[in-house]
Amino acid sequence: VGEDDQLRNAERLAERSLNYRIFPDAHGKMNRSLIDTGGAMLAVPQFTLVADSGKGNRPSFGHCADPELGLELFQHYVRSAQKSITRLETGEFGADMSVSLINTGPVTFWLSA
């Protein structure tokens, strides 16, 4: 969550996350969304994604939202997503977490609202 983000950004990001066509169809083409697949979501808050690493050798977090706004918008994102899917788990906001995943395919996407 960036310092200028608002509730509408969280809603739009939830909409994009659920409808982004990144899962394979019957022909192996990325043409199905999370909603299409009936899949589940794991939403993990990670403020470091907003870090600016354009200068020097240390990231700057000056454009991150303050923790109160970050929590509010993360929770709003989750509530917005839960309107369309039932299987949604979250990480704990502000906690040190060890998250493991298997990335299927050669792609990673950064969605913005």
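**Exercise 1.** Work out how accessible Phe109 is, and which ring it pairs with.

*Solution.* Start with the accessibility: Phe109 comes out at 40%, so it counts as partly exposed, given that this class runs between 20% and 50%. Keep in mind that we're working on a predicted model.

Next, look for ring partners. The count comes to 2 aromatic pairs.

Now place the two rings. Tyr20 sits in the loop between helix 1 and strand 1, and Phe109 in the segment after strand 4, so the pair ties together parts 89 residues apart in sequence. Tyr20 is partly exposed too, at 28%.

**Exercise 2.** Classify the pair made by Phe74 and Phe93.

*Solution.* Here the centres are 6.4 Å apart and the planes stand at 35°, so the pair is tilted. Phe74 belongs to helix 3 and Phe93 to the segment after strand 4, which means the pair links parts 19 residues apart in sequence. As for accessibility, Phe74 is buried at 12%, while Phe93 is partly exposed at 31%.

**Exercise 3.** Describe how helix 1 and helix 3 cross.

*Solution.* Take the axes first: those of helix 1 (residues 7-19) and helix 3 (residues 67-82) come within 8 Å and cross at roughly 40°. The two helices are therefore oblique to each other, and their crossing is right-handed.

Then check who touches whom. Sorted by type, the contact residues give 8 nonpolar, 3 polar and 2 charged.

Technical notes
Residues numbered from 1 in each chain as written. Predicted model: local features only at pLDDT ≥ 70, side-chain atom pairs only at ≥ 80, totals over all residues. Heavy atoms only, no water. Axes fitted to C-alpha atoms, helices over the stretch in contact; angles between N-to-C directions. Helix = DSSP H or I, 4+ residues; strand = E, 2+ residues; numbered from the N terminus. Parallel < 35°, antiparallel > 145°, perpendicular 65-115°, else oblique. Left-handed = near helix turned anticlockwise from the far one by under 90°. Nonpolar A, V, L, I, M, F, W, Y, C, P; charged D, E, K, R; others polar. Phe/Tyr/Trp six-rings, centres within 6.5 Å; stacked < 30°, edge-to-face > 60°. Buried < 20%, exposed > 50% of the residue type's maximum accessible area, 1.4 Å probe, protein only.
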